[in-house]
Amino acid sequence: MHERGPDIGSMTSPGSRGGLLDVFRRRYLLSLIVRKEVQIRYRGSVLGWLWSYVKPLVQFAVFYLAIGVFLGQNRQVEYFPLYLLAGITVVTFFIEAFSNGTRSLVDNAALIKKIYLPREMFPVSSMLIAIVNTLPQILVLIVISLFFGWAPSLLQVGAIILALVIVGVLATGLSLLFGSINVTFRDAQSFVEIIAMCAVWASPVMYQWHMVADELPNWAFDLYRLNPLTPAVELFHYGIWFPLNPKGAEVMPSLPLAAGLAGCTAVLALIVGQLVFRRLEGRFAQDL
């Protein structure tokens, strides 16, 4: 009897893939990449993971003294250092995930040219690494908030989680888009740096949303709220800062609607990023 050979019709070529679905089908490989990158970050460090907690504590001390006390922001915005640190946490997560995700394909050029694996794995792993690096800052923020009497409701805890999900999906989508373009045109990386530089000021991190509403006409303020980072930052403020009952605090108008639009924008960015990524992927090995 002759052995039956493999069913060629059921086999798939390396290029016939499920995109992001393939990444999550290979969760073990994804976890290995994330673990490796996190370990490399603290390799040769005496304090190791403690640096992840030292940085936000130092940030809080600097904000409290320099901006809160010396510039008098504590008198204008109650618990201003916590307000500021909460906003910076969200924006830092976005910038790290987006910037590293854009560079991830070029940084892993040798691996991409040698073996086949879902190339989307590199931008996705960059986002997960950014989450791992952000968690200690969130923990420090929560501990300091507890000291001041932080007692959030389930809705406010949900707002924190929703903010992180929106930023994570948005950063992954933009990383797929700009990362695939960056393989051929390295100018994309410089463009990302400009976006990252503007991100801090294009959302209510250093200031409050009503300062923008007071200066801009209604249509311009509506455009301002369409920036996905704006409702994400305000959701985080709602979860971290609002439970402290600061004087004069106001929830941004139509925050649930703005958060829903931000979520839709993030998902759209993910879809567009995946489509562009798959379109350009065939040139990666050649251009790298």
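The expected span of a helix is 1.5 Å times one less than its number of residues. Keep that rule at hand for the first stop. The model on screen is predicted.

**Stop 1: helix α12**

Select residues 229–240, which make up helix α12. This helix has 12 residues, so at 1.5 Å a residue it should span 16 Å. Its end C-alpha atoms are 16 Å apart, in agreement with that expectation.

Now show the surroundings. How many of the 12 residues of α12 are buried? The count is 11, so the helix is largely enclosed by the rest of the structure. Colour the buried ones: L229, T230, P231, A232, V233, E234, L235, F236, H237, G239 and I240.

**Stop 2: Q156**

Move to helix α8, residues 154–184, and pick Q156. Its relative accessible area is 11%, so Q156 is buried, the cut-off being under 20%. Display what Q156 touches beyond four places in sequence: A151, Y238, G239, F242 and P243. G239 is one of the buried residues of α12 from the previous stop.

**Stop 3: the nonpolar cores**

Select F94 and F236 next. These two have the most contacts inside the largest nonpolar core, a set of 59 residues. Which helix gives the most to this core? Helix α5, residues 80–107, does, with 13 residues.

Stay on F94 and show its contacts. Leaving out residues up to four places away in sequence, F94 touches V167, L170, A171, L174, A199 and L229. L229 is also among the buried residues of α12.

A second core is separate and has 14 residues. Select L20, V23, L117 and V183, which are among its members.

**Stop 4: salt bridges**

The structure holds four salt bridges.

Begin at R119 and E281. They form a salt bridge, with the closest N and O atoms 3.4 Å apart. R119 sits in the loop between α6 (109–114) and α7 (121–147), and E281 in the loop between α13 (255–280) and α14 (284–287), so the pair ties together parts that are 162 residues apart in sequence. Are these two residues buried or exposed? Both R119 and E281 are buried.

Go on to helix α1, residues 20–25, and select R25 and D22. Their side chains meet in a salt bridge at 2.6 Å, N to O. The two residues lie three apart in the helix, about one turn. An α-helix has 3.6 residues a turn, so residues three or four places apart point the same way.

Compare their surroundings. R25 counts as exposed because its relative accessibility is 57%, against a cut-off of over 50%. D22, at 9%, is buried.

Keep all three on screen: salt bridges that share partners join D22, R25 and R26 into one network.

**Stop 5: a nonpolar surface patch**

Switch to a surface view. Select Y64, L65, V69, F70 and L71. Together they make a nonpolar surface patch of about 520 Å². Zoom in on Y64, which is found in helix α3, residues 50–70. How accessible is Y64? Its relative accessible area is 38%, so Y64 is partly exposed.

Definitions and conventions. Residues numbered from 1 in each chain as written. Predicted model: local features only at pLDDT ≥ 70, side-chain atom pairs only at ≥ 80, totals over all residues. Heavy atoms only, no water. Helix = DSSP H or I, 4+ residues; strand = E, 2+ residues; numbered from the N terminus. Buried < 20%, exposed > 50% of the residue type's maximum accessible area, 1.4 Å probe, protein only. Contact = heavy atoms within 4.5 Å. Patch = residues over 30% accessible without salt bridge, like charges linked within 9 Å, V, L, I, M, F, W, Y side chains within 5 Å. Areas by Shrake-Rupley, 256 points an atom, 1.4 Å probe, with all protein chains shown as cover. Core = buried A, V, L, I, M, F, W, Y, C linked by side-chain atoms within 4.5 Å.
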